[in-house]
Amino acid sequence: MNVINPDKPDFEYLDFLKGAAILSLVLLHVFPPRVLIWLLAPLHIWQAVPALLFAAGLTATFTFSRYAGDLKAYYCHLPARIFYLYLAYLAVVLLCMGYESETMSLSALLSHLILGSKGPGGYFVSLFCQHLAIFPLLLLLRQKLGNDRIFLAICFAVSAILEFLCRYPGIGADVYRILYVRYLAVAALGAVCARGEPWPRVVTLVLAVLSFAYIALVCYFGLDFGFIPADWGFQHYPAWFYTLALVLLLKEHYRKIPFQWVVAGLGRAWTAIFLVQMWFFATVWVGLADHWILRALLAPPLCLILGWLLQRGLRFLAALRNVPITPKTAD
């Protein structure tokens, strides 16, 4: 079964996948980890970031195809995209620093911008920019190899080796969390699925069951695999086949979901919603610490609506300057 036909991509599904992921991310930050475990969140909304990187792999494949493999043209446009993304991120960081009455020093500001230390998910902007810079090179490798199974084997092997090396004490948790290595393999799965599943469905199901077992052992039995960093729970390469099965399931049934067009609309504004939820959970959420029910009710609508409005504003600025910062299919 094809996930998305590369000759006629299903952008509606891609937008829906990103929308479901960003909605899950907001809900993920509403509940404390203890409750998330009880709600079996590792099997659904805690898959938000892997699903976003899967979608980013799909998107990168379409973008790479649009540039006809011309890396020079792609990298010429890349600085503008990163600049406007970081400009919006800078505004969020300054708002958070102002709320906390933090001293505005250049060193502190650069630390927040690079390490993403402000707001839930602050690391993601640095991680996503790494994806934009690195993944086209991997797609070029995929093109040269001409074999998706070998490509996936290389990506998973590289991810496993680098993850193992990240266990050394020299790499602190603040640095590890922004490294793209954790999500390289799931983005590779997204790229490969632009053509279709790289193996029969039964293989996908077997691999998904193994990933499920890994997630259960880590989250519910506290197992520490010695060759995988203990940070970030289950979110490492052995879990990505479960993510694959989940997005395949969504692909087959998303049109049956009520108001799926609303979710797809959120997907087209996912980057802005991500930035807004960082601001909300670092400021408003903290300010309402004594009113958990009120802030839990406010979080989803405020983050989603304000994020959508921010995205509209960013697109307006991009149109004025004719800069391709967030093309519809390359968010």
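Begin by selecting helix 4 and helix 13 (residues 270-282) in this predicted model. The two helices pack at an angle of about 5°, and their axes lie 10 Å apart. Helix 4 is therefore roughly parallel to helix 13, since angles under 35 degrees count as roughly parallel.

Next, display the side chains at this contact. On helix 4, select Ala88, Tyr89, Val92, Leu95, Cys96 and Tyr99; these meet Leu275, Met278, Trp279 and Ala282 of helix 13. What kinds of residue make up the contact of helix 4 with helix 13? Ten are nonpolar, while none is polar and none is charged.

Now move to helix 5, which spans residues 106-115. Select Ala108, Leu109, His112 and Leu113, which are buried. Why do these residues lie on the same side of helix 5? They cover an arc of only 130° around the axis, which places them on one side of the helix.

Then turn to the face of helix 5 directed away from its buried side, where the exposed residues Leu106 and Ser107 are found. Just after helix 5, select Gly116, which takes a positive phi of about 60°.

The next stops concern aromatic rings. A pair of aromatic rings is described by the distance of the centres and the angle of the planes. A search of the whole structure finds 23 aromatic pairs. Select Tyr13 and Tyr254: the ring centres are 5.5 Å apart and the planes stand at 50°, so the pair is tilted. Tyr13 belongs to helix 1 (residues 11-30), and Tyr254 to the loop between helix 11 (240-253) and helix 12 (260-267), so the pair ties together parts that are 241 residues apart in sequence. Are these two residues buried or exposed? Tyr13 is buried, with a relative accessible area of 0%, and Tyr254 is buried as well, with a relative accessible area of 1%.

For another aromatic pair, select Tyr67 and Tyr74, which are edge-to-face, at 5.6 Å centre to centre and 85° between the planes. Tyr67 is partly exposed, with a relative accessible area of 22%, whereas Tyr74 counts as buried at 8% relative accessibility.

Finally, select Tyr123, Phe124, Phe128, Trp232, Trp270 and Phe274, which ring pairs link into a cluster.

Definitions and conventions: Residues numbered from 1 in each chain as written. Predicted model: local features only at pLDDT ≥ 70, side-chain atom pairs only at ≥ 80, totals over all residues. Heavy atoms only, no water. Buried < 20%, exposed > 50% of the residue type's maximum accessible area, 1.4 Å probe, protein only. Helix = DSSP H or I, 4+ residues; strand = E, 2+ residues; numbered from the N terminus. Arc of directions from axis to C-beta. Axes fitted to C-alpha atoms, helices over the stretch in contact; angles between N-to-C directions. Parallel < 35°, antiparallel > 145°, perpendicular 65-115°, else oblique. Contact = heavy atoms within 4.5 Å. Nonpolar A, V, L, I, M, F, W, Y, C, P; charged D, E, K, R; others polar. Phe/Tyr/Trp six-rings, centres within 6.5 Å; stacked < 30°, edge-to-face > 60°.
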